[in-house]
Amino acid sequence: MQTTLTFTCPDDWHLHLRDGKQMQDVLADTARQFARAIIMPNLRPPIVTVEMAVAYRARILAAVPKTLQGHFEPLMTLYLTDNTPPDEIKRAKESGIVHAVKLYPAGATTNSDAGVTDLARCFKTLEMMEQLGMPLLLHGEVTDPDIDVFDRESVFIDQVLQPLIQRFPRLRTVFEHITTREAVEFVRAAPNNLAATITAHHLLLNRNALLAGGIHPHHYCLPVLKRETHRLALIGAATSGDTKFFLGTDSAPHPISSKESACGCAGIYTAYAAIEFYAEAFEQADALDKLEAFASFHGPDFYGLPRNTNNITLIKESWKIPQCLEFGEGKLVPLRAGENVSWKLLSL
Ligand SMILES: NC(=O)N[C@@H](CC(=O)O)C(=O)O
Ligand SMILES: [Zn+2]
Ligand SMILES: [Zn+2]
């Protein structure tokens with residue numbers, strides 16, 4: 001049995017940090033495991049200009065704990081709206097700090113009300129992105145209320161993604177937090193400028209974790225957990241060595257009061273033990289040897305950034321995740337709260 005695991009420091013290619021004191025409370029969890037993270041722009045108000053991204057980045061850097069300063073780099077994104085001008089993409093490219101633009105179909109997920117209502121309104125902007133090599137990140141679900149919530153990702157492939165890549169064949173695109181066999185197959189078959197992130201929770205859990213034996217609000221996220229056959233397809237993709245699949249936690253903290261509610265909001269907080277969760281999932285699939293490329297190589301290669309040069313070490317040691325964590329004025333319940341995880345990260 002393998003008991004230590006040393007590999008190139010990973011990056012998180014999909015992270016929600018929030019802002020203010022909430023951000024201060026979660027940032028260290030990411031910064032102690034990951035060298036870089038793609039920071040999602042779905043704040044209230046959303047990060048829609050380079051100027052806002054520059055200011056948000058400065059707030060993040062100022063909140064990195066002293067012991068980790070210089071060890072963590074936030075990679076900023078812009079939130080695409082119906083009205084994002086092509087010039088903003090130029091400015092983003094020139095800034096050197098904005099690495100991608102995120103498309104949320106309006107109403108698809110947490111803080112997406114300002115998202116895109118009609119993709120055709122963004123064509124000029126997408127053209128500019130294609131020209132400048134600015135990646136487009138997709139929350140890949142349709143929002144049509146008549147479409148079953150479990151089908152929203154696969155319908156998105158047919159109705160949005162397929163036509164999009166046909167129209168913009170050179171656009172660098174990331175299908176974020178994929179959850180279905182259909183998404184895995186589509187990405188596999190597509191050209192190399194389409195990639196996908198996969199979360200730890202979608203590798204570890206199926207929809208029984210949400211709905212069996214009572215409803216489990218801390219396992220509610222979007223796209224929603226799917227049935228076991230889909231989880232197995234994701235495991236197959238993540239452990240295949242295929243360079244199109246890479247790590248993105250989609251760690252999405254919400255206060256306990258918003259999760260444990262008659263209308264609980266979507267998001268699972270995995271950052272507390274993210275790399276350990278991935279190690280568990282890869283070990284269960286007998287594929288620990290594939291973790292480094294998935295966590296540390298495929299992402300930077302896709303984004304055209306250098307791979308990290310330092311290492312992290314995990315040891316096979318069971319430890320208990322706390323029941324809850326501080327989160328701004330409230331509390332946060334991490335994934336696996338009060339239960340054990342079987343790998344442990346040694347500090348940098
Ligand atoms: N994944 C989620 O369930 N929630 C994310 C938004 C998102 O990534 O869709 C959030 O910001 O809370
Ligand atoms: Zn999303
Ligand atoms: Zn997300």
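**Exercise 1. Find which elements cover the buried residues of helix α6 in this predicted model.**

Step 1. Helix α6 spans residues 181-189, and its buried residues (under 20% relative accessible area, 1.4 Å probe, protein chains only) are Ala-183, Val-184, Phe-186 and Val-187. Helices here are DSSP runs of H or I with at least four residues, and strands are runs of E with at least two, numbered from the N terminus.

Step 2. These residues lie on the same side of α6, because they cover an arc of only 165° around the axis. The arc is taken from the directions from the helix axis to the C-beta atoms. An α-helix has 3.6 residues a turn, so residues three or four places apart point the same way.

Step 3. The cover, by contact (heavy atoms within 4.5 Å), includes the helices α5 (152-167) and α9 (228-238). Also among the covering elements are the strands β7 (173-175), β8 (194-198) and β9 (245-247).

**Exercise 2. Describe the overall build of the protein.**

Step 1. Count the elements: the protein has 12 helices and 13 strands.

**Conventions.** Residues are numbered from 1 along each chain as its sequence is written, and chains are lettered from A and ligands numbered from 1 in the order written. Local features need pLDDT of at least 70, side-chain atom pairs count only at pLDDT 80 or more, totals for chains, interfaces and linings use all residues, and side-chain values use heavy atoms, without hydrogens and water.

Conventions. Buried means under 20% relative accessible area, exposed over 50%, partly exposed in between (1.4 Å probe, protein chains only).
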